[in-house]
Amino acid sequence: MKIDSLKIDPISLTEEISNNIVVKDSIMECTIPCGFGTKKGLYEFTFSAEGHFDLTITAPVDYRKGDENCPSRNSNGESYVLAMYSKET
């Protein structure tokens, strides 16, 4: 996984906030629907699922609302829907 072309440890994206995510051996396992991360930037990661072709995407991530209070809050972040192709078709 990369953010703004820099390789990152996936566990760092789950430390602040995540939903339905587990990290095992530096691999994020997601139970759909899932969510992770609070950092803005250009994310690059690969999805894989048994019986399907891997899917690598690069996607911009930002928040539409935010404040500078302590602690800060961000909301209305990016949301993506992905379709993976079965190897059996």
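This is a predicted model: local features need pLDDT of at least 70, side-chain atom pairs count only at pLDDT 80 or more; totals for chains, interfaces and linings use all residues.
Helices (H or I, at least four residues) and strands (E, at least two residues) are DSSP runs, numbered from the N terminus. Residues are numbered from 1 along each chain as its sequence is written, and side-chain values use heavy atoms, with hydrogens and water left out.

**Burial**

- A residue is buried under 20% relative accessible area, exposed over 50% and partly exposed in between, with a 1.4 Å probe and protein chains only.
- Of the 89 residues in the protein, 16% are buried.

**Strands and sheet**

- Two strands count as paired if DSSP finds at least two bridges between them.
- Four strands make an open sheet in the order β2-β1-β5-β6, with antiparallel pairing.
- The edges of this sheet are β2 (6–7) and β6 (55–61); each has a single partner strand, so one side of each is left without a neighbour in the sheet.
- Strand β1 (residues 2–3) pairs with β2 in the antiparallel sense over two bridges, and K2 stands opposite K7 in β2.
- β3 and β4 also run antiparallel, joined by six bridges, and here V23 stands opposite M28 in β4.

**The hairpin of β3 and β4**

- Two residues lie between the strands of this hairpin, where D25 takes a positive phi near 50°.
- D25 is in the loop between β3 and β4, is not a glycine, and is exposed, with a relative accessible area of 74%.
- N20, in strand β3, is another residue with a positive phi, about 60°, although it is not a glycine.
- N20 is partly exposed at 38% relative accessibility.
- I32 and P33 are joined by a cis peptide bond with omega about -5°, and P33 is placed in strand β4.

**Salt bridge**

- Side chains of opposite charge can pair when their charged atoms come close.
- A salt bridge is counted where a side-chain nitrogen of Lys or Arg is within 4 Å of a carboxyl oxygen of Asp or Glu, and the count here is one.
- The salt bridge is between the side chains of K24 and E29, at 3.5 Å from N to O.
- Both residues are partly exposed: K24 at 45% relative accessibility and E29 at 38%.

**Aromatic rings**

- Rings of Phe, Tyr and Trp (its six-membered ring) pair if their centres lie within 6.5 Å; planes under 30 degrees apart count as stacked, over 60 as edge-to-face and the rest as tilted.
- The structure holds four aromatic pairs.
- One of them is F36 with F45: the centres are 5.9 Å apart and the planes stand at 75°, so the pair is edge-to-face.
- F45 also pairs edge-to-face with Y43, at 6.5 Å centre to centre and 85° between the planes.
- F36 is partly exposed at 24% relative accessible area, whereas F45 is buried at 14% and Y43 is buried at 2%.
- F36, Y43, F45 and F47 belong to one aromatic cluster.

**The largest pocket**

- On a 1 Å grid over the protein atoms alone, a pocket is an open set of points where a 1.4 Å probe fits, with protein on both sides within 12 Å along at least five of seven lines; lining residues have an atom within 4 Å of a point.
- Grid points are joined across faces, edges and corners, and the volume is the space filled by probe spheres set on the points.
- The largest pocket has a volume of about 1,300 Å³.
- Its lining has 37 residues, and C30, C34, F36, F45 and F47 lie nearest the centre.
- Elements that give two or more residues to this lining are β3 (18–24), β4 (27–36), β5 (41–47) and β6.
- The most comes from β4, which gives nine residues to the lining of the largest pocket.

**A contact across the sequence**

- F53 lies in the loop between β5 and β6 and is partly exposed, with a relative accessible area of 46%.
- F53 and K87 are 34 residues apart in sequence and 6.1 Å apart in space, C-alpha to C-alpha.
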